[in-house]
Amino acid sequence: MKLHVYQGAHQSQDMTEAKGTSTASVASLDNGVLVKLLNTRGRLQQALQKCRTLGHDLDEAGPRLQRIATRIPSLETAFEPLRCRRKILDDLPACIDKAVAPSLAVLKVFDAMHDLEPLLLGDPQHDLVGFISLISRLEEATAFLSENCPMAIEWLQEFIDFLDQNQVLQDTPMQRISSHLDPLQAWRFSGDHSKLDGGLHAAALDKLECEFKRLLSDENLLVPSIPSDVTKEGDPECKRTISSHALKHLHLILQKLVSNGRNQRIMELYVESRTLLLKRNLNALPLNYLQMRSSSKHDWKSVGAYIGPWTQHMDVVMRSLCEPEYNLCNQVFEKLGYDYWEQSFGKIALGGGVMALLEFGEMAVRSKDEPQKLFKLLDMFEAMNNLRPLFGKLFGGPGSKEVQQRVKGLLKLIVQGAYDIFLELKQQIDNQRGLKAPIDESLPKVLSFVLGYVKHLVGDFYGPIMAQVLMIHRSWSDDSLVKKTNTSLLSKAVLNVMNALVLNINEWASSFKDEPVFYHLFLCNNFWYLSVNCRTPELKVLVGDTWLKEQRQQAEANISMYMKEGWSKIVHLLNVPGVMTLTGSRAAARDLLKTKLKAFNMAFEELYQKHVKWVIVDAELRERIGISVLKLVVPAYRTYLQSYGPLLEQDGTKSKHVKYSAQSLERVIGSLFQGPSERIVHGSDRKVNGSSAIVHPTTVSVI
């Protein structure tokens, strides 16, 4: 049909052209226009021919196109997978970039950490600040990795899942990739990020711990050197503080270690280092006596000899070692809180040897009681009491309870031991009451010993200490006694001892009841000695004026009775009233005078022989009695010889009956009261108030 239409149109065109040609011929068109028309006609004919050909081709192509159109849906279905694959491949670069970019950042940080490794494995001593800065950088890198590694692994996993789901790779490559990713996924889900640096951070912190220990082990960090002679006078305390440079380094290390959870470890290092140093400093002291074990039996002499050094060493250890150690703990750990450093110091003190000193003190207190031990115990009490505020400061916290209890226990033992020994002193005096008087019949040994003992005990040094001990002991059982003064308690205790001595003196004197002369001599000798030795300022305050007056009155009364019962009776033998008025011859008078003189000689010699073994220790009393005897006997004897000597010379027997001249009698009397070794040869002819007196030898106390 199309072909017919086309042919009709062609015929109509030819008719038009023929008509036009004829018209043109008629119009006599010129040649130029004719040429153009002919050319145009030729081109039109060519175009017409192409159209005919194209029409023919179109007629043939129509059925083919219809066949192709029917096959296109099936082709589209067949090519659909290729189109999806292409899209996957187009998206693949973006997925790769998303997964690889975080991993590359992580790897870059890992490389930076690897560069820090040789620096962090070096010695931090030379540049501690720089070393800690490197650790901080490592920690920052580790923190970055801890935050970003899980994300990078997650994105890698997503990429692997994408490849797996779209089957981009074959099974073998996929398995290899998955095998590398599995450990990373296991680490991601475990939450353990400590191994990101391969242990480098832990190794660096270990280096810091070593530097911390090195600084703490330095001899010159704080503890002063021990004095070579701790027995010399003066305060052995030597205050030293830690240098600001060392303290700054310790704080830097401590801050870094604590921030990494190594609190317990640094405490262990600190205690270990300072304990060893404290032991080393203690070993510099002569502490060999600490090897004496309390389980072994030691007499007081072997233990007591070390009390003096022990008190000095205790003071040195507390003030020059422990107190600086306490201050060091405070300065180093002040930012961590009280419990940390206080507990550390308690452990250092326990392990450093302080306990051994306290144990020796306990052993010394528990050793056998002897009178001289009391003074050593008071030395120990004074040393411990002076250190009591320091003990409270150093060991007052909960971390030092063991040392605190040991110190309190030792103080209690010392107080109880001192009190028991002082109490036993009176008991020993009471036990002496049933015994006989001393052989020399002068001063009982216990009297001179106790007086010397008590005088020393209540002196300027030991008196306040003993008073405080009594106060503490009494306060344990009666809180109301705290209101009393220390002096009143000590006064009561000393008076009890003195009154026990008075009872003993009276008891011992009863053994001379059959000899009144020596009964009164014994009493006046002892009461005088007692009153004189209690007139020292320290004892006088304690016993009181009333008590002293009583003892002096006792002595005075017995002096009078001694003169009356002894020397007055001898002098009475020289009394010859009315001899010249006697009836009878002079021979009878001479016989009477000879009898009197003989009786005097016999009585004097007997009394003298009994006096030879007597000693009057006090020089004042000895001189007073000696002068009294001289004034009573020698003048009467001289008068007797002057009055009746000529009568006795008449028969030439004066030399036989007159054994002593007035001068020799004076010398004999002058040798009395000085003991058997002081005989007549010790007399002299010095005149006192017109009478012969005696120059006495130096008094030697009877002990």
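How many Å should the 16 residues of helix α16 span at 1.5 Å a residue? They should span 22 Å, and the end C-alpha atoms of helix α16 (residues 462-477) are 24 Å apart, which agrees. The expected span is 1.5 Å times one less than the number of residues in the helix.

## The model

This is a predicted model, where local features need pLDDT of at least 70, side-chain atom pairs count only at pLDDT 80 or more, and totals for chains, interfaces and linings use all residues. Residues are numbered from 1 along each chain as its sequence is written, and side-chain values use heavy atoms, with hydrogens and water left out.

## The chain as a whole

The protein chain holds 25 helices and two strands. Both are DSSP runs, numbered from the N terminus: helices are H or I with at least four residues, strands are E with at least two.

Of the 703 residues in the protein chain, 41% are buried. Buried means under 20% relative accessible area, exposed means over 50%, and partly exposed lies in between (1.4 Å probe, protein chains only). The protein chain exposes about 38400 Å², and carbon and sulfur atoms supply 55% of that area. Accessible areas come from the Shrake-Rupley method with a 1.4 Å probe; for residues, only the protein chains shown count as cover.

Contacts are heavy atoms within 4.5 Å. Among contacts in the protein chain with a separation of 6 or more, 79% join residues 24 or more positions apart.

## Helix α16 and its buried residues

Helix α16 has a list of buried residues that includes Y462, G463, I465 and M466. H473 and S475 are also among them.

## A buried serine

S400 sits in the loop between α13 (388-395) and α14 (401-432). Its relative accessible area is 2%, so S400 is buried. Leaving out residues up to four places away in sequence, S400 touches E342, F345, G346, L394 and F395.

With E342 there is a polar contact, side chain to side chain, at 3.3 Å. A polar contact is a pair of N or O atoms within 3.5 Å; within protein, one must be able to donate a hydrogen and the other to accept it, and residues adjacent in sequence count only if both atoms are side-chain atoms. S400 and A349 are 51 residues apart in sequence, yet their C-alpha atoms are 8.5 Å apart in space.

## Salt bridges

The structure holds 21 salt bridges. Each is a side-chain nitrogen of Lys or Arg within 4 Å of a carboxyl oxygen of Asp or Glu.

K213 pairs with E272, with the closest N and O atoms 3.2 Å apart. This pair links distant parts of the chain: K213 is in helix α5 (residues 200-216), E272 is in helix α7 (residues 263-283), and they are 59 residues apart. K213 has a relative accessible area of 30%, so it is partly exposed. E272 is partly exposed because its relative accessibility is 35%.

E606 bridges to K610, with the closest N and O atoms 3.8 Å apart. The two are four residues apart in helix α22 (residues 586-611), so about one helical turn separates them. A network of salt bridges links D206, E209, R262, R265 and E268.

## A nonpolar surface patch

L65, I68 and I72 form a nonpolar patch on the surface, with about 270 Å² of accessible area together. Patches are made of residues with over 30% relative accessible area and no salt bridge; like charges are joined within 9 Å, and nonpolar side chains (Val, Leu, Ile, Met, Phe, Trp, Tyr) within 5 Å. L65 lies in helix α2 (residues 31-120). L65 counts as exposed because its relative accessibility is 55%.
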